[in-house]
Amino acid sequence: MQERVITPGGIQEHVLNFDTLILEVYNHLPLLVDILAWRATNSRTCKVGSEVVSARFMYMPELCHVMHVTRAVITGSCAWQMLNGDDTPANNLNLIVTNGGFDAFCFLIQDTLLYEWVEQTSKPHYTFNNSAERFARFKFKHLFITVTEAKVDGLFKVVLCAPTTADMLFMTAGGVGMLYLEWTSKNIAVINRTARRGNRDYDKVGCLHRGGFLCHDDTSFLSEACGQHCPTQWRYIADRGNQSLVVDWDARFSLRSMMRASHMIWRLAEHCHNGYSVLPPIPMPCDLATIQAQEAHIDNHMPHYAGKRVALLYATLATAPHLVTVPLRDGVKDLTHLSQLETSHWLDHLKLDKFIVLTGCLRKTFKALPGATETPWVYGYTVIREDPRSYPPPNALIRELAGNVLVIKHEKDNKHVIVNMTVEDVDIVNTLIKRYMNDKCLERCSSITVIVLTPEDV
């Protein structure tokens, strides 16, 4: 009788046919990331795993519901323990809610969870002062809950004001995300500029308080050029890559959709202090000569940009609009969002905060001309301008409008699918700006009256 040989692949196939064995594997996985990886093995582990994940992470439906309604996230030690499987009991739940959701959450905590408001605590840690509207702390025996209401420019700004890179993690009722994953997984953290504000002691919050992390002031510890890790590099909150981790276990409370809807970009520092890095200054182009110089700088950028698009620029001293190259941000290989374009080569939209910017407030997307019964447009156009609070010079082509103006072409129904601008688009864009001047759409976008001149008028 021939002996039957079971290969490792056969054993795996045999195990995956029994729900009880699949469930047994789930019971021995302490880490959230391992649970999600096992669930994604095939359709059977996914079916069994959905019930396991729901039972493990959906134990308080009231909290999950309010988190969903107020678009809140959990951050701090609880999110950290959920991600790394730390068995140490957490006694402090930190919640960040969007502007307007503060009262609803406070009511839930006091009325349903029976926590008491700690009156003497009225302000968050100073690192969050510029991003928080209101703050409250609640207590029940030895347990604490803090609620921070973000200002109108978004809750992710609160996350990005965390004192170190290791504290930039957040969790919804259905997903968890971590920025600077590569460093954090090695217990390495780089101190954020918010922690140095006012030269105060900043070791009372986050991983600086928990300990166990090696914290650095800059990236010199790499002993090489920081490249994609550079603290001056602008990042979009939903960027994908080795430096971020986002996992969803419940599509109803998806974290990915929240991040994609945000227009937040950020960086850790205005200047790189790593002696191994060489970052040449980027002058703001204003005429043909400086536009050509900027194009050369984009071509010579190291490391080379993974992709580029063509847009239309109305520079402050130009006599005509110019087609210019707009690259994808450093580290971005596939463009999935308009915010991933490195428009800072042509626009100064950093206003007073040089580290965290909500780019959507200075953009206006157009799909048709006002008053037209039929539009010949196949594409849409998004107009991006400089922040008037940065006091840019007046625009020679668009009188009384300060700063450069950049126009991006894209699919009509999806502004995140960018299409290269061509010479044929110039007349359309000129007409667009002049016609919308009467509707004052750009005025509402920028709080400045817009009068447009075509190159022929100049």
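Tyr180 lies in the loop between strand E7 (175–179) and helix H9 (181–185); helices (H or I, at least four residues) and strands (E, at least two) are DSSP runs, numbered from the N terminus. Phi of Tyr180 is near 55°, a positive value in a residue other than glycine. Is Tyr180 buried or exposed? Tyr180 is buried, with a relative accessible area of 2%. Here buried means under 20% relative accessible area, exposed over 50%, and partly exposed in between (1.4 Å probe, protein chains only).

Before going on, a word on the model: it is predicted, so local features need pLDDT of at least 70 and side-chain atom pairs count only at pLDDT 80 or more, while totals for chains, interfaces and linings use all residues. Residues are numbered from 1 along each chain as its sequence is written, and side-chain values use heavy atoms, with hydrogens and water left out.

Leu114 also has a positive phi, near 65°, in a residue other than glycine. You will find Leu114 in the loop between helix H7 (102–112) and strand E3 (116–117). With a relative accessibility of 54%, Leu114 counts as exposed.

**The whole protein**

The protein has 14 helices and 21 strands. Of its 458 residues, 51% are buried. The accessible surface comes to about 22600 Å², and 54% of that belongs to carbon and sulfur atoms; such areas come from the Shrake-Rupley method with a 1.4 Å probe, and for residues only the protein chains shown count as cover. Take the contacts (heavy atoms within 4.5 Å) between residues at least 6 apart in sequence: 67% of them join residues at least 24 apart.

**Salt bridges**

Side chains of opposite charge can pair when their charged atoms come close. A salt bridge is a side-chain nitrogen of Lys or Arg within 4 Å of a carboxyl oxygen of Asp or Glu. How many salt bridges does the structure hold? There are five, including these:

| Pair | N to O distance |
|---|---|
| Arg134 and Glu149 | 2.8 Å |
| Asp299 and Lys308 | 2.9 Å |
| Asp425 and Lys409 | 3.1 Å |

Arg134 and Glu149 form a salt bridge that links distant parts of the chain: Arg134 is in strand E4 (residues 132–140) and Glu149 in strand E5 (residues 143–150), 15 residues apart. Arg134 is partly exposed at 35% relative accessible area, whereas Glu149 is buried at 3%. Asp103 joins in too, as Asp103, Arg134 and Glu149 are linked in a network of salt bridges.

Lys308 counts as partly exposed at 35%.

Asp425 and Lys409 meet in a salt bridge, and this pair links distant parts of the chain as well: Asp425 sits in helix H13 (residues 425–439) and Lys409 in strand E19 (residues 405–411), 16 residues apart. Asp425 is buried at 4% relative accessible area, and Lys409 is buried at 6%.

Strands of a sheet pair through backbone hydrogen bonds, either parallel or antiparallel. Two strands count as paired if DSSP finds at least two bridges between them. E10 and strand E12 (residues 264–266) pair in the antiparallel sense over two bridges, and Arg235 stands opposite Trp266 in E12.
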